[in-house]
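Subject: Handover of a two-chain model

Hello,

Please take over the structure below. My notes on it follow.

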Amino acid sequence: MSFVSIRDLTVAFDGVPVLHGIDLDIDRGEAIGLVGESGCGKSVTWLAALGLLPGKARVQGSVRLDGQELIGAPRTTLEGVRGARIAMIFQDPSSSLNPVQRVGRQIGEGLRLHRGLRGAQARTEVLRLMDMVGIPDAKRRIDLYPHEFSGGQCQRIMIAMALAGQPDLLIADEPTTALDATIQAQILDLLAGLRRQTGMAMVFISHDLGAVSAVCDRAAVMYAGRIVEANDIDSLFAAPAHPYTHGLFRAIPDLEAGRARLRPIEGTVPDPRALPAGCAFAPRCDAASSLCNSYAPDLKDQRSGGAVACFHPVQSSLRHMTQQEVPA
Amino acid sequence: MIRFILAKLARAFLTILLVVTFAFVVLRLSGDPAQVLLGPDAPQDAVDAFRARWGLDDPLWQQYLAYLRQILSFDFGVSMRDQSPAIDLVLQRIPATLALTVPALILKLAIGIPAGVYAALHRQSVADRGVIMMSIFGFTIPSFVLGLVLVLVFAVRLDWLPSGGQSSWRHAILPIATLSIGGIGILARFSRSAMIEVLGQPYIRTAMAKGLPWREVVWRHALPNAAVPIVTLIGFMLGALIAGAVVVESIFSWPGIGRLIVVSVANRDLAVVQCLLLVIAASMVVANLLVDFSYGLLDPRLRAKPAH
């Protein structure tokens, strides 16, 4: 049995479904990327699993952690899971830290809650965590406030805070999106290193395929509230099967491709209030048939490994052709 | 930090100077104390003598300079009516006013803030709607209407409480109620929106994601952040401790600062009015200073950077 298993998870806001049945398994120690455009439900999946969505959200389905059901679980159960089993870091580190509380205290809260550390003991551990995430001169800076740190350092503090509860799974929700490129790379390195060090599993939510490939073993591509393709990173990059995934790769600029134009995916993400009857990607898809317009394909395991939700997955010959388009 | 304090103090002093100047000019331009005190039928030589006695014949700027020199030496003049020092008249009224405004302020804080926070934490519930309705009711009814309605119900109809005067603690109940109801409404409304704003912030989600129990999320993360806007409002209320009861004191014939203002202005008792305005301005300025300094305590981002 996998460590976390999500089955048919759906979420609706004010009657508008935004998540249409997610199935996902995460093994211990595994790093999986969740890729997709903003609003496709990547973050909502995990906020729903941890019960962090606002009250108006309607969540159905099942999220099991070591067999324990989280959806509809009492608040105390969820509070015991959050931070201790599953920790989460967010997109905008500066506003994700409480501006009127010293960072040391914010990191220490998790130690008190989940490991019963207090006073000098807690302080020593906070210093160790700050060291571990690469905050220089932690001794002097433990009593500073978040606004006295840069964005990248705030994200490091968020990571230290997440590590405080020694979680088995870290959800990193677009942790590098708000940071500039060099800092992004540093944070990715840090996350990859910490995972090796601690052996925790990680879900890396991002719209940046490159970032995902840097930290993950496996990735799931989401579109309009569904997982449309899942595979291990190498296969996914070598042979994207869903036309949407395929399109995402074609839209990445290639350093060696000369002045060739990027090939964007035409059209826009559908409004969740007015989804097409069939496959949500059909209106933007070159391969769409009448079947696609009336039925939504299920996510099916492929013989070649991986899973795709498409009636007309990109053929390997075609894939081959696209690879040739771009001179190596 | 020292520079920050000095700058604040300088600005406070300037504010008081402006208030004093404005009061001085407006009072001189808006009516003749001789006419009011001596009556319209007073003989001309009596009026002239009165003006000479109080220096009202001098050019305005001379009077102004003389006045400034006076107050800088803490001489606030004497009442034109009974020659007693203006500052004594003012000071001896302050306790009566504070006897109304301090309990009213305590009620505002003790009821308004918890009600607003509770409403924010139970948004869209019956309690929330109740709080919103009551607070709109509280701050939209003008105090002179509210005071009269309370008198009508509790003094005239039910005969439970006296309608005016100051002879026992029971006399204070209706004026305190009148004074506090509006403030409770405003504070409830304000605390509610401040809390709702804070509860929507990413750091609240972080605190929850950490596994903190909801109580601790509210107490340690939400309330301290909601405190800044609420304290601003409390500052206004503190500033109104001395001058905030003019209408209510008049309705309930409560012999405090408010009554003194009304009577002295009507009589053009220049020294007393000026002294009153000075004391009121000073109390507002002090309240604002307290708020400014408390911001730094509440929010480290607003703290003045220490000089390195």
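I start with a pair of strands in chain A: strand 9 (residues 218-223) and strand 10 pair in the antiparallel sense over 6 bridges. Here helices (H or I, at least four residues) and strands (E, at least two) are DSSP runs, numbered from the N terminus, and two strands pair if DSSP finds at least two bridges between them.

Before going on, some conventions. Residues are numbered from 1 along each chain as its sequence is written, while chains are lettered from A and ligands numbered from 1 in the order in which they are written. This is a predicted model, in which local features need pLDDT of at least 70 and side-chain atom pairs count only at pLDDT 80 or more, whereas totals for chains, interfaces and linings use all residues.

The sheet of chain A

Strand 9 and strand 10 of chain A make a hairpin with 2 residues between them. Ala224(A), in the turn, has a positive phi of about 45 degrees. Within this pair, Met222(A) has Ile227(A) of strand 10 as its bridge partner. Strand 10 of chain A also pairs with strand 12 (residues 307-308) of chain A, again in the antiparallel sense, over 2 bridges; there Ala230(A) is partnered by Ala307(A). Of the 7 residues of strand 10 (residues 226-232) of chain A, 6 are buried, so this strand is largely enclosed by the rest of the structure. A residue counts as buried if 20 or more other C-beta atoms lie within 10 Å of its own, as exposed if 12 or fewer do, and as partly exposed in between, with C-beta atoms placed from the backbone.

These strands belong to an open sheet of 8 strands in chain A, in the order 6-7-8-3-9-10-12-11, with mixed pairing. Strand 6 (86-89) and strand 11 (300-301) of chain A stand at the edges with a single partner strand each, so one side of each has no neighbour in the sheet. Elsewhere in chain A, strand 7 (residues 169-173) and strand 8 (residues 201-206) pair in the parallel sense over 5 bridges, and Ile171(A) has Val203(A) of strand 8 as its bridge partner.

The domains of chain A

An automatic or database domain assignment divides chain A into domain 1 (4-216) and domain 2 (239-325). The C-alpha centres of domain 1 and domain 2 of chain A are 30 Å apart. Between them, 7 residues of domain 1 of chain A are in contact with 6 residues of domain 2 of chain A, where contact requires C-beta atoms, placed from the backbone, to lie within 7 Å. Strand 2 (residues 16-26) of chain A gives the largest share of the domain 1 side, 4 residues. By class, that side of domain 1 of chain A has 4 nonpolar, 1 polar and 2 charged residues. Ala, Val, Leu, Ile, Met, Phe, Trp, Tyr, Cys and Pro count as nonpolar, Asp, Glu, Lys and Arg as charged, and the others, Gly among them, as polar.

From the record, the UniProt annotation "domain: ABC transporter" (unreviewed entry) covers residues 4-249 of chain A. UniProt positions are given in the numbering used here, feature names are shortened, and annotations may be inferred rather than shown by experiment. Over residues 4-249, chain A is 41% helix and 26% strand.

Chain B

Chain B has 13 helices and 0 strands. Its C-alpha trace spans about 85 × 65 × 30 Å along its principal axes, and 35% of its 308 residues count as buried.

Helix 1 (residues 2-29) of chain B has 28 residues and should span 40 Å at 1.5 Å a residue; its end C-alpha atoms are 41 Å apart, which agrees. The expected span is 1.5 Å times one less than the number of residues. After helix 1 of chain B comes Gly31(B), whose phi is positive, near 155 degrees.

UniProt lists residues 94-291 of chain B as "domain: ABC transmembrane type-1" (unreviewed entry); that span is 83% helix and 0% strand. Among the stretches that UniProt lists as "transmembrane region" (unreviewed entry) are residues 230-251 and 271-298 of chain B. Residues 271-298 of chain B are 100% helix, and residues 230-251 of chain B are 91% helix.

Where the chains meet

The contact takes 20 residues from chain B and 25 residues from chain A. On the side of chain B that touches chain A, helix 9 (202-209) and helix 10 (214-243) each supply at least two residues. Helix 9 of chain B gives the most, with 7 residues. The residues on this side of chain B divide into 11 nonpolar, 5 polar and 4 charged.

Regards

Note on methods
Two residues are in contact if their C-beta atoms, placed from the backbone, lie within 7 Å.
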